[in-house]
Amino acid sequence: MIIEDWESTDLSLLETLDHVLNRGLVIAGEVTISVADIDLIYLGLNVMVSSVETAHKVLRKRQTK
Amino acid sequence: MKLYLYCLLEGIAQLDQLPQGISNAPVRLLPIDDLAVLVSDVDKDAVAVTRETALAHAAVVRSVLDRTTPLPFRFGTLVSEEQLRSYLSTRKPALENNLRLVRGCVEMGVKIIWSISNNDPHEQQLSDEKQGAGARFLEEKRREILGDERRSAQATEISGWLHESIGELIRDEHVAVRPSEKLVLTAAHLVERNKIRQYREKIAEARASRPDLHFLMSGPWPPYTFANIELEFKTRFGVS
C-alpha cells in the first residue's frame, strides 16, 4: 500500500494529529488540552496498524459489561 | 486573556492573509526582538482536542511554510505574553540553533511496515509435532523470543539500509526502530527544499527494491519533529 496523495487520505489526518499532538516546541507545563468534550478518537498510526484486533476486543468487552 | 501559540518564526516582519486559528480565532504575528510568534488571543484555560482544533493548528503553521521554515509549538500551548517573552529570552540560544538547523528545510516522513509473514516454516513444523501441553507452551515461548529477536535484527538492518539510500539528501533524521510489533520503523527526515524531488526519487527506488515491505510516505511538513529535541530534553530533565 503506497499513499501517494497523502492529503486526501484518512492517514493524513492521523499523521497531522501525530505531529501537532506529539511533537513541537513545548513550554514546560503550558500544554493544556481538554478531553472532556472530545469528539475524535485518536488512534496513532502505530496503534492503528498493530492493534486493530486489540481494539475490537476492548470494544467487545465494553459492550458486554 | 492568554496567547495560544502556533509557531516561532525568524525573518518575518509582516504576514498577510493568515488563516483562522483554533475556534475561528484571528491569528496575528507577535514580534519579539528579532523573532516572531504566530498567536491567537483566547479567553480559555484549555483547548479542546477536536478534529477542527487540531487541523486549525496545523493549517496556521502550514500557512507560512511557503515563506519560511517555522518551529511549530505543540498543540495546546497557552501562555501569558510575559511567559512567552521569558521563554524566548531564556531559551534564545537553543531556539536560534534549532531555527538554524531547520532553515530552508521541510520534514518528510517514512513509515515502513512488515508486509509478509516472517514465520519460519521449520519453527512452525516443530509445533505440529505431538507434544505435551507444557512442552508446547515452552516451544511457543521459544518461538516468540526467537522471532522477536530476528525481527529486531532485521529492522535494524533495514534502518541502516534506508539511511544509506537517502543519507546524502538529508540534513538530519529522527528514527524509531520497531516502535511497535508491526512497524519496522518510523523516520522523520529533514530535507532541504531543493532536494525534495531527489529525496522522493531515492525513496521510490528504495521502495521498488524491497517489495517485501510497505512504505507509507508523508510530507512536506513543517519540522515538528525537529523543533524541540534538545529543548525538550532540557525541559524534561531540568538542564539549563
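Before the first stop, one term: two strands count as paired if DSSP finds at least two bridges between them. Also keep in mind that you're looking at a predicted model.

**Stop 1: a sheet in chain B.** Select β7, β8, β9 and β10 of chain B. They form an open sheet of 4 strands, in the order β8-β9-β7-β10, with antiparallel pairing. Its edge strands are β8 and β10 of chain B, each of which pairs on one side only. On average, neighbouring strands here are turned by 15° against each other, direction ignored. As background, strands of a sheet pair through backbone hydrogen bonds, either parallel or antiparallel.

Zoom in on β7(B), residues 105-114, next to β10(B): this antiparallel pair runs over 7 bridges. For one of the contacts, pick I112(B), whose bridge partner in β10(B) is F215(B).

Stop 2: A reminder first: most residues other than glycine have a negative phi, and most peptide bonds are trans.

Stay on β10 of chain B (residues 213-221) and select P220(B), which sits in this strand.

Next, go to R178(B) in strand β8 (residues 170-180) of chain B. Its phi is positive, near 50°, and the residue isn't a glycine. Is R178(B) buried or exposed? R178(B) counts as buried, because its relative accessibility of 17% is under the 20% cut-off.

Then jump to D33(B), in the loop between β2 (28-32) and β3 of chain B. D33(B) has a positive phi as well, near 55°. With a relative accessible area of 66%, D33(B) is exposed.

**Stop 3: the nonpolar cores.** Which residues touch the most other members of the largest nonpolar core? Select Y4(B), Y6(B), L9(B) and L38(B): they do, in a core of 27 residues. At least two core residues each come from α1 (10-22) of chain A and from β1 (2-10), β3 (35-42) and α1 (51-63) of chain B. The largest share, 5 residues, is supplied by α1(B).

Center on Y4(B) and show its contacts. Leaving out residues up to four places away in sequence, Y4(B) touches, among others, I22(B), L38(B), V39(B), H57(B), F75(B) and L78(B).

Apart from that core lies another one, of 24 residues, including L25(A), L35(B), V39(B) and L71(B).

Definitions and conventions:
Residues numbered from 1 in each chain as written. Chains lettered and ligands numbered in written order. Predicted model: local features only at pLDDT ≥ 70, side-chain atom pairs only at ≥ 80, totals over all residues. Heavy atoms only, no water. Core = buried A, V, L, I, M, F, W, Y, C linked by side-chain atoms within 4.5 Å. Buried < 20%, exposed > 50% of the residue type's maximum accessible area, 1.4 Å probe, protein only. Contact = heavy atoms within 4.5 Å. Axes fitted to C-alpha atoms, helices over the stretch in contact; angles between N-to-C directions.
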